[in-house]
Number of protein chains: 2
Amino acid sequence: LRIIKDGGIDLLQDEQIEDLDLKGLHLIQKKNGFRFGLDSVLLSHFTNVKKNAEVLDIGTGSGIIPILLSAKTHAKRIVGVEIQQIVADVAKRNVILNKLDSKVEIICHDIKNYDSIFKKNQFDVVTSNPPYMPIGKGIANPNDTKAISRHEITLDLESLIDVSASLLKQYGIFSIVHKPERLADIVCLMRMKKLEPKFLRFVYPRYGKKPSLILVQGVKNGNPYFKVNEPLYVFDINGQYTDDINVIYGKR
Amino acid sequence: LRIIKDGGIDLLQDEQIEDLDLKGLHLIQKKNGFRFGLDSVLLSHFTNVKKNAEVLDIGTGSGIIPILLSAKTHAKRIVGVEIQQIVADVAKRNVILNKLDSKVEIICHDIKNYDSIFKKNQFDVVTSNPPYMPIGKGIANPNDTKAISRHEITLDLESLIDVSASLLKQYGIFSIVHKPERLADIVCLMRMKKLEPKFLRFVYPRYGKKPSLILVQGVKNGNPYFKVNEPLYVFDINGQYTDDINVIYGKR
């Protein structure tokens, strides 16, 4: 255990602080654990968060999405829920590290039992960057923290969408990032649970390649109206970040 | 009325013959009617048609899809059904014009009443390039043949998918082209009617623009497995057809 002077944050030996390269934010991450990626950055950018909104991030991991949303939006309060104690502890220290504890709260909890910590219809926005892989696909050790972040071990897609529908206010916004392979599942489950899908954006690594991610946003009890946004390319033909990505990172 | 010497095809005054610029095919089209477009060409290319397959095209219009599929595949028999007599007559002459009457049959019929002309579970493949616009959006005259080709006046999306599910064999293929705005409807209805969505391809007019069309293919009683294919760009940055489009037109 060593102490970082700036803010007096405890850092474990297998952790390091990374500069998010975005609005002066930093993030403690496990050196060998599940790491935040572009997906969380893109989801934070994609999600419409109005002024004074109450936001919930389900499966918050290191707290990356609440931290980004607190910097990018005028939300009143952002709650990140994480089932794994060891991961939630990192998220809590990330909130302190970035001096966001007046706005961001991290709770270690199984969101399936939300009724012991939240009221129904409480949130204006629910975000999630959930595990991408269904259970049973190449899991070595289901107790492994990395496995829980990657696979639908503790919360499957249907439960996530179901819980989100319960916790959102009327016309509240549900926003998710996932793999294109789950598009049909996501859209059909959202419609089934009355989180009417509204916006879809595909993320392409570069021109001509298959999409690598989808961003989907829906509205609780919204009317059917579906729009596919402009594609988002990550790299241009020269292998550099596109202007779109630079804008998202606040560089343009 | 005038006669074209090649094949002895009757041509009305408001009609003209167009060179499809593809495998020597030609098409009679109304000068001021609903005209076939790139969407039908792309759907014909996108659809997996196995050797000796029996294919049904619903809302066949001028017969463009059966004619293209007869040239591009080894289907045994291709039936195009069209509800409008005046349009079906054009399709029938197009079959004769292209000397495809041994393989392609055009039937003027309301496909909702399919049981008087087809058996259930009869077809290996069902294709459709249906009207894109829901009823009630800017229809001047619902008796207008062009309006029927453009709006869901005689067959809405749910009925189309329902009828297709009934007419397809086990593991038969359903293939549709539509606007991106209907993606959620199409995917959810297909899943509901047990035409499990499998492949999705977006068509972009050019790099960085919103998609203009979607191509969706599903399998009757198939297992959930969803794949988003490479995007298809129509024009390159110089405003020329892309290689992909040239390949589809048989030019590469």
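Predicted model: local features only at pLDDT ≥ 70, side-chain atom pairs only at ≥ 80, totals over all residues.
The model has an ipTM of 0.87 and a pTM of 0.90. In chain A the average pLDDT is 90, and 91% of the residues reach at least 70.

**Two copies, one axis**

Two copies of a chain are related by a rotation about an axis and a shift along it.

**Helix α6 of chain B**

B:C188 brings us to helix α6 of chain B, as it is one of the buried residues there. Eight of the ten residues in α6(B) are buried, so the helix is largely enclosed by the rest of the structure. Besides B:C188, the buried set holds B:L183, B:A184, B:D185, B:I186, B:V187, B:L189 and B:M190.

What do these buried residues pack against? Part of the answer lies in the other chain: α6 and β10 (195-204) of chain A. The rest is in chain B itself, namely α5, β9 (168-178), β10 (195-204) and β11 (213-220). After α6(B) comes B:K194, with a positive phi near 65 degrees.

**How α5 and α6 pack**

Two packed helices are described by the angle between their axes and the distance between the axes. In chain B, α5 (residues 157-167) and α6 (residues 183-192) pack at about 35 degrees with their axes 10 Å apart. On the α5(B) side the contact is made by B:L157, B:E158 and B:I161. The α6(B) side brings in B:D185, B:I186, B:L189 and B:M190. The crossing of α5(B) and α6(B) is right-handed.

Now look at chain A. Its α5 (residues 157-167) and α6 (residues 183-192) also pack at about 35 degrees, with axes 10 Å apart, and they cross in a right-handed way. A:L157, A:E158 and A:I161 of α5(A) meet A:D185, A:I186, A:L189 and A:M190 of α6(A).

Is α1(A) mostly enclosed or open? Seven of its nine residues are buried, so α1(A) is largely enclosed by the rest of the structure. Those residues are A:D39, A:S40, A:V41, A:L42, A:L43, A:S44 and A:F46.

A:T47 is in the loop between α1 (38-46) and β5 (54-58) of chain A. With a relative accessibility of 5%, A:T47 counts as buried. A polar atom of its side chain lies 2.7 Å from the backbone oxygen of A:L43. Setting aside neighbours within four places in sequence, A:T47 is in contact with A:V125, A:T127, A:I173, A:S175 and A:Q217.

| Residue | Relative accessibility | Class |
|---|---|---|
| A:P66 | 0% | buried |
| B:K92 | 34% | partly exposed |
| B:N121 | 44% | partly exposed |
| A:Y171 | 53% | exposed |

A:P66 belongs to helix α2 (residues 64-72) of chain A. Not counting residues up to four places away in sequence, A:P66 touches A:D57, A:T60, A:I78, A:G80 and A:V104. A:P66 and A:V81 are 15 residues apart in sequence, and their C-alpha atoms are 10.0 Å apart in space.

B:K92 is part of helix α3 (residues 85-97) of chain B. Between B:K92 and B:G80 there are 9.4 Å from C-alpha to C-alpha, with the two residues twelve apart in sequence.

The other pair has backbone angles to check. A:Y171, in strand β9 (residues 168-178) of chain A, has a positive phi of about 65 degrees although it is not a glycine. B:N121, from the loop between β7 (104-108) and β8 (123-128) of chain B, is not a glycine either, and its phi is positive too, near 55 degrees.

Terms used:
Residues numbered from 1 in each chain as written. Chains lettered and ligands numbered in written order. Heavy atoms only, no water. Helix = DSSP H or I, 4+ residues; strand = E, 2+ residues; numbered from the N terminus. Buried < 20%, exposed > 50% of the residue type's maximum accessible area, 1.4 Å probe, protein only. Polar contact = N/O pair within 3.5 Å; in protein donor to acceptor, adjacent residues only side chain to side chain. Contact = heavy atoms within 4.5 Å. pLDDT = per-residue confidence, 0-100. Axes fitted to C-alpha atoms, helices over the stretch in contact; angles between N-to-C directions. Left-handed = near helix turned anticlockwise from the far one by under 90°.
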